[in-house]
Amino acid sequence: MADTMTATALCLMGETVIGGGYVLNQGSARDNFPSGGPPATGWTVSTTANQTIQAFVICVDTTP
């Protein structure tokens, strides 16, 4: 089985995830999902092979 790489992007304190994704030069993503929480506070992605991956997250301020 090939090694996998995982990347997580996090929101700032008081923010909640409203979306996210990844940048991958080759291969494919194995997992791509909101993480932390609830409510979600980050975005996590893993690859199907040992390669560079970058996660990104879109957050919204939820402090009252």
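**Working through the model**

Modeller: Arg 30 has a relative accessible area of 44%, which means that this residue counts as partly exposed; please keep in mind throughout that we are looking at a predicted model.

Biologist: What does the side chain of Arg 30 meet in a salt bridge?
Modeller: The side chain of Arg 30 meets that of Asp 31, with 3.3 Å from N to O. Asp 31 is partly exposed too, with a relative accessibility of 31%.

Biologist: And how many salt bridges does the count come to?
Modeller: The count comes to one salt bridge.

Biologist: Switching to the strands, what is the order in the open sheet of three?
Modeller: The order is β1-β4-β3, and the pairing is antiparallel. β1 (6-10) and β3 (29-35) stand at the edges with a single partner strand each, so one side of each has no neighbour in the sheet. Ignoring direction, neighbouring strands of this sheet are turned by 10° against each other on average.

Biologist: How many bridges join β1 to β4?
Modeller: Five bridges join β1 to β4, which covers residues 42-47, and the two strands run antiparallel. Within that pairing, Ala 7 has Val 45 in β4 as its bridge partner.

Biologist: Which residues make up the largest nonpolar core?
Modeller: There are ten residues in that core, and both Ala 7 and Val 45 are among them, as are Ala 9, Cys 11, Val 17, Leu 24, Ala 40, Trp 43, Ile 53 and Ala 55. The elements that contribute two or more residues to this core are β1, β2 (15-24), β4 and β5 (53-61).

Biologist: Is Phe 56 buried or partly exposed?
Modeller: Phe 56, which lies in strand β5, counts as partly exposed, with a relative accessibility of 39%.

Biologist: One last topic, where is Pro 38 found?
Modeller: Pro 38 is found in the loop between β3 and β4, and the peptide bond leading from Gly 37 to Pro 38 is cis, with omega near 15°. Pro 39 also has its place in the loop between β3 and β4, and a cis peptide bond with omega of about -10° joins Pro 38 and Pro 39.

Conventions
Residues numbered from 1 in each chain as written. Predicted model: local features only at pLDDT ≥ 70, side-chain atom pairs only at ≥ 80, totals over all residues. Heavy atoms only, no water. Pairing = 2+ DSSP bridges. Helix = DSSP H or I, 4+ residues; strand = E, 2+ residues; numbered from the N terminus. Axes fitted to C-alpha atoms, helices over the stretch in contact; angles between N-to-C directions. Core = buried A, V, L, I, M, F, W, Y, C linked by side-chain atoms within 4.5 Å. Buried < 20%, exposed > 50% of the residue type's maximum accessible area, 1.4 Å probe, protein only. Salt bridge = Lys/Arg side-chain N within 4 Å of Asp/Glu carboxyl O.
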